[in-house]
Amino acid sequence: MKVARFHAPGDIRIEEAPEPVAGPGEVKIRVRNCSTCGTDAKIYKHGHHHIRPPRVMGHEIAGEVVEAAGAEGWAPGDRVQVIAAIPCGACGECRRGRMTVCPNQESMGYHYDGGFAEYMVVPAKVLAVDGLNRVPDGVGFAEASVAEPLACVLNGQELARVGDGDDVVVMGSGPIGCLHVRLARSRGAARVFLVDVNAGRLEMAAGLVRPDAAVHGEDVVEQVLKLTDGRGADVVVTAAASGAAQEQALRMAARQGRISFFGGLPKDNPVIRCDSNLVHYRELTIVGANGSSPAHNARALRLIADGAVPVSDLITHRLPLSQVLEGIGIVSRGEAIKVTVEP
Ligand SMILES: [Zn+2]
Ligand SMILES: [Zn+2]
């Protein structure tokens with residue numbers, strides 16, 4: 001079979017590999033869609049300390065079961081979606097239900113071969129934490145593969161308590177930003193504003209997800225304050241790896257506002273300036289977000305199936321496995337919303 005393997009930063013190869021064999025407690029799937037995101041672009045450029053090469057990449061995975069003899073409850077033909085982040089299920093955090101911050105977390109495409117392959121084995125550890133989800137009828141494989149990033153977005157908005165009547169600002173109009181806009185609407189947000197420094201990408205995203213305003217320029221804080229009659233936004237989500245965006249987010253939040261630092265910052269530059277008195281007097285809440293739990297993935301699939309968060313129109317590019325590198329290039333240049341690979 002064909003796979004896309006990471007060997008070193010800047011070195012991803014399309015190679016022939018033997019089909020993997022499912023062991024006890026494992027399920028083998030025919031990958032139908034594995035979508036790409038900024039994380040793949042980051043791995044391609046810099047590698048990752050959890051990836052020991054060579055490793056098949058790809059973590060936004062949907063496909064069809066072809067072999068399930070070793071795993072109870074699954075049968076060939078089952079349509080499935082696979083979690084990306086695998087909690088251990090046994091540590092103190094997992095036992096408290098905080099699976100997104102499991103310190104023993106492993107990941108598909110990092111610790112295990114991922115979905116940029118024709119076939120893939122779902123590790124027993126994934127099955128043990130209910131990380132293999134049935135794709136609801138009516139949901140295609142490409143849409144199902146987007147359940148993983150949507151699950152992360154859902155985790156972020158739960159932590160930031162996005163709800164009825166909120167004015168929400170989303171900073172960053174990539175695929176994650178688009179999912180944030182749509183999810184905020186489905187959770188009852190009053191108005192959603194989309195901000196980006198890249199005018200072209202903002203225009204493309206705004207055309208699809210139709211925010212109440214698309215905000216761009218040097219003075220985004222002032223623009224958001226103006227749009228909210230000086231109040232600021234109830235929730236600001238930074239869906240960009242930008243310290244400047246995080247600093248702006250703090251300044252455009254309303255009193256008792258919640259700020260989600262959804263996107264992480266570059267490891268070599270993670271420190272921002274924060275006016276602590278803004279947090280103190282305005283009773284701001286700053287929350288993080290680290291991936292998603294298996295339960296978030298299941299709920300994200302439901303949101304897609306119910307039409308609460310449509311995703312099919314966000315998939316702007318479909319590429320064969322042989323063009324993975326082009327896909328990653330398109331993602332890193334910000335030319336697409338969502339790129340999916342169809343091995
Ligand atoms: Zn991803
Ligand atoms: Zn754990």
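These are my notebook entries on a predicted model, taken feature by feature.

**Entry 1: zinc site**

I started with the zinc ion (ligand 1) and looked up its protein donors. They are Cys37 through SG, His59 through NE2 and Glu60 through OE, at 2.1 to 2.3 Å from the ion. Along the sequence, the donor residues follow the spacing C-x21-H-E. I then checked the accessibility of two of these residues. His59 has a relative accessible area of 6% and is buried. Glu60 has a relative accessible area of 1% and is buried as well. Both assignments follow because buried means under 20% relative accessible area.

**Entry 2: three-stranded sheet**

Next I took the open sheet with the order S2-S1-S4. Its three strands pair in the antiparallel sense. Strand S2 (11-16) and strand S4 (55-56) are the edge strands, each pairing on one side only. I counted the bridges between strand S1 (residues 2-8) and S2 and noted six, antiparallel.

The peptide bond joining Pro53 and Pro54 is cis, with omega at about -5°.

**Entry 3: six-stranded sheet**

The other open sheet I noted has six strands in the order S13-S12-S11-S14-S15-S16, with parallel pairing. Strand S13 (213-215) and strand S16 (285-287) each have a single partner strand, so one side of each has no neighbour in the sheet. On average, neighbouring strands here are turned by 20° against each other, direction ignored.

Within this sheet I followed strand S14 (residues 233-238) and strand S15 (residues 253-260), which pair in the parallel sense over four bridges. Val237 has Ser260 of S15 as its bridge partner.

Which strands does helix H9 touch? I found that H9 (residues 243-252) packs on the sheet and touches strand S11 (167-171), S14, S15 and S16. The direction of H9 makes about 155° with that of S15. I noted helix H7 (residues 199-209) too: it lies across strand S12 (191-195) and S13, and runs at about 160° to S12.

**Entry 4: helix H5 against helix H11**

For a packed helix pair I need the angle between the axes and the distance between them. The axes of helix H5 (residues 147-159) and helix H11 (residues 294-305) come within 8 Å and cross at roughly 105°. H5 is therefore roughly perpendicular to H11, because that class covers 65 to 115 degrees.

I listed the residues that make the contact. H5 contributes Ala147, Glu148, Leu150, Ala151, Leu154, Asn155 and Glu158. H11 contributes His296, Asn297, Arg299, Ala300, Leu301, Leu303 and Ile304. By class, the contact has eight nonpolar, three polar and three charged residues.

**Entry 5: positive phi outside glycine**

Asp130 is not a glycine, yet its phi is positive, near 60°. Asp130 sits in the loop between helix H3 (124-128) and strand S10 (132-134). Is Asp130 buried or exposed? Its relative accessibility is 61%, and Asp130 counts as exposed.

Arg210, also a residue other than glycine, has a positive phi of about 45°. I located Arg210 in the loop between H7 and S13. Its relative accessible area is 59%, and Arg210 is exposed.

Terms used: Residues are numbered from 1 along each chain as its sequence is written. Chains are lettered from A and ligands numbered from 1 in the order in which they are written. This is a predicted model: local features need pLDDT of at least 70, side-chain atom pairs count only at pLDDT 80 or more; totals for chains, interfaces and linings use all residues. Side-chain values use heavy atoms; hydrogens and water are left out. Axes are lines fitted to C-alpha atoms, for helices over the stretch in contact, and angles run from 0 to 180 degrees between N-to-C directions. Helices (H or I, at least four residues) and strands (E, at least two) are DSSP runs, numbered from the N terminus. Angles under 35 degrees count as roughly parallel, over 145 as roughly antiparallel, 65 to 115 as roughly perpendicular and the rest as oblique. Contact means heavy atoms within 4.5 Å. Ala, Val, Leu, Ile, Met, Phe, Trp, Tyr, Cys and Pro count as nonpolar, Asp, Glu, Lys and Arg as charged, and the others, Gly among them, as polar. Donors are N, O and S atoms within 2.8 Å of the metal (3.2 Å for Na, K and Ca); water is not among the atoms, so sites may look incomplete. Buried means under 20% relative accessible area, exposed over 50%, partly exposed in between (1.4 Å probe, protein chains only). Two strands pair if DSSP finds at least two bridges between them.
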